[in-house]
Amino acid sequence: MGGVNDLLLRAARGEPTPRPPVWFMRQAGRYQRSYRALRERYTLPEIVRQPELAARVTLSPVEELGVDAAILFADITTPLHGMGVDLSLVEGRGPVIHRPVRDREGVEALRALKPEEAVPFVLEAIRILKKELKVPLIGFAGAPFTLASYLVEGGPSRHFLEVKALMYREEALWHRLMEKLTEAMARYLRAQAEAGADLLQVFDSWVGALSPADYRRYVRPHMERLFRALGPLGVPVIHFGVGTMGLLRDMGEAGGEVLGLDHHTPLPWAREVLGNTPVQGNLDPAVLFAPREVIRREVRRILEENGGRPGHIFNLGHGILPKTPEENVRYVVELVKEVSP
């Protein structure tokens, strides 16, 4: 990436950087005035399926905030359509699966994903962005467990009872489902990298619902397989989960060049557990609603906790919340650039 801002790539490789790169999960979204104006005319799936429009939304936070990376605008459920899943994105609720996958017939009905046929608009958006961006582009996908949780539960869940019931009652069927999703996401992420994505992030948003023992039995083998499949691409991969402090060691061993930390995970402890593995995080998204002196204090705290060690990517511990004041997001970027040791 000669001639462009490559701070994120260097940090992801654990190399020294003059300051931590900064970007945000959900950095394109409803907190932005420009995005809200666009959503008055288009639904989220309509934006994703129009490459020029998706590229425009992806670019907007880079231009408006000065972040060090762009993350492709899409949804983690986007590739599931290409596997034959009938789903809707319901405002205020999230993905709704119209025929939950809870038996062998449902698992076997899932088609092999062919990204060039199923999501050509995603790949075209990447190619458009690569012509314009002066910062790295992050592609992404949902992790197999998180996608399985939507498919089995039928939508978002608090307790994941249907998922755990399937895991415990029909272990062979569970692994078959996870194998299918692992292969599909490996293909999806590979296609994004081949289209031009500079880094990849795997979102395991709901895996924190599992105990370490269950993670090791029901999830880790599939994550290891996924990261092995991505290894030959030579593209750094960020492995992120929520509520995963108890799983962090296992997640680090499962794979990923960078481990994303949620805001419940102490950064110094994580760096000790993970050794030289680069980390990403981990400001509480709610801090962005606080007065500026509190924001400054918390940003400085995280930077001081890292202590100038190489391999730190500044981010939130989860995505930007919809009603976050836009000026506060910009202020965090300014602070990271200003007060970094």
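**Close-up 1. Arginine 102 and its salt bridge to glutamate 162.** In this predicted model, arginine 102 is partly exposed, with a relative accessible area of 38%. Its partner in a salt bridge is glutamate 162, and the closest N and O atoms are 3.8 Å apart. The two residues lie in distant parts of the chain, 60 residues apart: arginine 102 in the loop between strand 3 and helix 5, glutamate 162 in helix 9 (residues 161-169). Glutamate 162 is likewise partly exposed, at 32% relative accessible area.

**Close-up 2. The salt bridge between aspartate 86 and arginine 99.** The side chains of this pair meet at 3.5 Å, N to O. Aspartate 86 belongs to the loop between strand 1 (70-71) and strand 2 (87-90) and arginine 99 to the loop between strand 3 (94-97) and helix 5 (104-108), so the contact ties together parts that are 13 residues apart in sequence. Aspartate 86 is partly exposed, with a relative accessible area of 35%, whereas arginine 99 counts as exposed at 57%.

**Close-up 3. The salt bridge between glutamate 338 and arginine 296.** The closest N and O atoms of the two residues are 2.7 Å apart. Arginine 296 is partly exposed, with a relative accessible area of 27%.

**Close-up 4. A network of salt bridges.** Arg216, Arg220, Glu224, Asp250 and Glu253 are linked in this network. The whole structure contains 23 salt bridges.

**Close-up 5. The buried residues of helix 7 (residues 120-132).** These are Phe121, Val122, Leu123, Ala125, Ile126, Ile128 and Leu129. They pack against helix 3 (44-48), helix 4 (51-65), helix 6 (115-118), strand 4 (137-142) and helix 10 (171-195).

Terms used: Residues are numbered from 1 along each chain as its sequence is written. This is a predicted model: local features need pLDDT of at least 70, side-chain atom pairs count only at pLDDT 80 or more; totals for chains, interfaces and linings use all residues. Side-chain values use heavy atoms; hydrogens and water are left out. Buried means under 20% relative accessible area, exposed over 50%, partly exposed in between (1.4 Å probe, protein chains only). Helices (H or I, at least four residues) and strands (E, at least two) are DSSP runs, numbered from the N terminus. Contact means heavy atoms within 4.5 Å. A salt bridge is a side-chain nitrogen of Lys or Arg within 4 Å of a carboxyl oxygen of Asp or Glu.
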